[in-house]
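I opened this notebook to keep track of what I looked up, entry by entry, starting with charged pairs and ending with confidence.

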Amino acid sequence: TRPAERKGTAGRHGIVLVPSVLRGTPSYIDEIEKKSPAQKAGLQPDDLILFIEREFIGSCKNFRDVISQHQPGDKINVLVKRKQNILSIELELD
């Protein structure tokens with residue numbers, strides 16, 4: 001199991017993305033940590049993260065860069081594509 005994406009003082013979210021094998025690897029969720037903010041918010045494996053707080057997330061790298069700007073306690077809006085649906089999910093970092 002790979003560790004959840006974390007960087008600097010960013011809040012914990014519990015999202016594990018697919019391996020970033022190319023520079024533009026899409027930000028698909030591979031796993032969700034149990035009892036994490038992501039699980040509580042309802043995020044699921046295979047969700048594609050499209051936007052965080054109106055910032056386009058085109059790759060795993062973009063996800064790490066954008067999420068690192070947020071602190072524990074922040075409530076962020078995450079727009080994901082799940083199958084054929086677009087969902088807006090509020091995620092509170094801890």
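Entry 1: I began with the side chains of Arg12 and Asp94, which meet in a salt bridge at 3.2 Å, N to O; a salt bridge here is a side-chain nitrogen of Lys or Arg within 4 Å of a carboxyl oxygen of Asp or Glu. This pair links distant parts of the chain, since Arg12 sits in the segment before strand 1 and Asp94 in the segment after strand 6, 82 residues apart. Helices (H or I, at least four residues) and strands (E, at least two) are DSSP runs, numbered from the N terminus.

Before going on I noted the ground rules: this is a predicted model, in which local features need pLDDT of at least 70 and side-chain atom pairs count only at pLDDT 80 or more, while totals for chains, interfaces and linings use all residues. Residues are numbered from 1 along each chain as its sequence is written, and side-chain values use heavy atoms, with hydrogens and water left out.

I then found that Arg12 also meets Glu33 in a salt bridge, at 2.8 Å, N to O. Glu33 lies in the loop between strand 2 and helix 1, 21 residues from Arg12. I looked up accessibility, where buried means under 20% relative accessible area, exposed over 50% and partly exposed in between (1.4 Å probe, protein chains only). Glu33 counts as partly exposed because its relative accessibility is 21%, Arg12 is partly exposed at 25%, and Asp94 is partly exposed at 43%.

**Entry 2: another pair.** Which side chain does Arg82 meet in a salt bridge? I found Asp47, at 2.8 Å, N to O, with Arg82 in strand 5 and Asp47 in the loop between helix 1 and strand 3, 35 residues apart. Both Arg82 and Asp47 are buried. Returning to the first entry, I recorded that salt bridges with shared partners join Arg12, Glu33 and Asp94 into one network. The structure holds four salt bridges.

**Entry 3: Ser36.** Ser36 lies in the loop between strand 2 (29–32) and helix 1 (37–41). Is Ser36 buried or exposed? Ser36 counts as buried, because its relative accessible area is 0%. A polar atom of the Ser36 side chain lies 2.7 Å from the backbone oxygen of Glu33. Ser36 also touches Arg12, His13 and Gly14, leaving aside residues up to four places away in sequence, where contact means heavy atoms within 4.5 Å.

**Entry 4: the core.** The largest nonpolar core has 19 residues, and those with the most contacts inside it are Ile15, Leu43, Ile49, Ile52, Phe63 and Leu91; such a core is a set of buried Ala, Val, Leu, Ile, Met, Phe, Trp, Tyr and Cys residues joined through side-chain atoms within 4.5 Å. Helix 2 gives the most to this core, with four residues. Beyond four places in sequence, Ile49 touches residues including Ile15, Leu17, Phe63 and Val80.

**Entry 5: confidence.** The chain has a mean pLDDT of 90, and 89% of its residues reach 70 or more. Over residues 5–9, however, pLDDT stays under 50, and for these the model has twelve contacts beyond four places in sequence. Where pLDDT is low, the predicted coordinates should not be read in detail.

Technical notes:
A polar contact is a pair of N or O atoms within 3.5 Å; within protein, one must be able to donate a hydrogen and the other to accept it, and residues adjacent in sequence count only if both atoms are side-chain atoms. pLDDT is the predictor's confidence in each residue, from 0 to 100.
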